[in-house]
Amino acid sequence: LGALLALVSAQQRYMNQKALLAIVLVFLSLDPPDPSETGFAERDRPNVGLLRWQLAIVYLFSAAQKLRLDFGAGASLTNLFATLDALPVPGWVAAGPFHAALAASPFLAKTLSWGVIGGELALIPLSVAAPRAALVGVAALHGAFALFMPDVLSFTFTMLACACVAAGRRP
């Protein structure tokens, strides 16, 4: 029911976040975890395997889009921080000094841009093969996003929740 409500309430704004949340809720509803169940820790959970693959897919498409749009050149990241600095409601960390540093050093902007792409690419195999390591990466990546962009906090929490569930003992 929660998955259906999340999808139905999806408006154009944050549509991707709501669609992802609906997918995650559907996966989890296929076999809801019950810690009081006998043999809970030992039983395989294919729905958690689906969740791990969903994490990998999110990062695959995010990295592919960044590569397609030449995010690695650094200009997009510099422009993003300029936009964040101009917002009437700032993030928890001021974007202005970061924008100034990126604008002053194209090398730094390019390096950090490739760091973001590299982080997303690294999360693809980690999500499936080493989900506990992926949890650390997801927390670092989305934690950094949330510091500057509080509007994406719901996406940050969704990705962290997915990574936490996926990091459980059994797939």
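This is a predicted model: local features need pLDDT of at least 70, side-chain atom pairs count only at pLDDT 80 or more; totals for chains, interfaces and linings use all residues.
Reader: What share of the 171 residues is buried?
Author: Buried residues account for 33% of them.

Reader: And the accessible surface, how much of it belongs to carbon and sulfur atoms?
Author: Carbon and sulfur atoms hold 71% of an accessible surface of about 9800 Å².

Reader: What about contacts with a separation of 6 or more: what part comes from residues 24 or more positions apart?
Author: That part is 67%.

Reader: Give me a case. Where is Met-159, and is it buried or exposed?
Author: Met-159 sits in helix H8. Its relative accessibility is 0%, so Met-159 counts as buried.

Reader: Which residues does Met-159 touch, leaving out those up to four places away in sequence?
Author: Met-159 touches Leu-20, Leu-55, Val-58, Tyr-59, Val-138 and His-142. Take Leu-20: Met-159 is 139 residues from Leu-20 in sequence, while their C-alpha atoms are 9.1 Å apart in space.

Reader: Thr-158, then. Why does it count as buried?
Author: The cut-off for buried is under 20% relative accessible area. Thr-158 has 12% relative accessibility, so Thr-158 counts as buried. Thr-158 belongs to helix H8, which covers residues 153-166.

Reader: What does Thr-158 touch, with the sequence neighbours up to four places away left out?
Author: Leu-20 and Leu-21. Leu-20 is also among the residues that Met-159 touches.

Reader: Switching to helix H3. How does its span compare with what 1.5 Å a residue should give?
Author: Helix H3 runs over residues 46-68, which is 23 residues, and should therefore span 33 Å. The expected span is 1.5 Å times one less than the number of residues. The end C-alpha atoms of H3 are 33 Å apart, so the two values agree.

Reader: What comes just after H3?
Author: Asp-70, with a positive phi of about 60°.

Reader: Why would residues three or four places apart in an α-helix point the same way?
Author: An α-helix has 3.6 residues a turn, so residues with that spacing point the same way.

Conventions:
Residues are numbered from 1 along each chain as its sequence is written. Side-chain values use heavy atoms; hydrogens and water are left out. Helices (H or I, at least four residues) and strands (E, at least two) are DSSP runs, numbered from the N terminus. Buried means under 20% relative accessible area, exposed over 50%, partly exposed in between (1.4 Å probe, protein chains only). Contact means heavy atoms within 4.5 Å. Accessible areas come from the Shrake-Rupley method with a 1.4 Å probe; for residues, only the protein chains shown count as cover.
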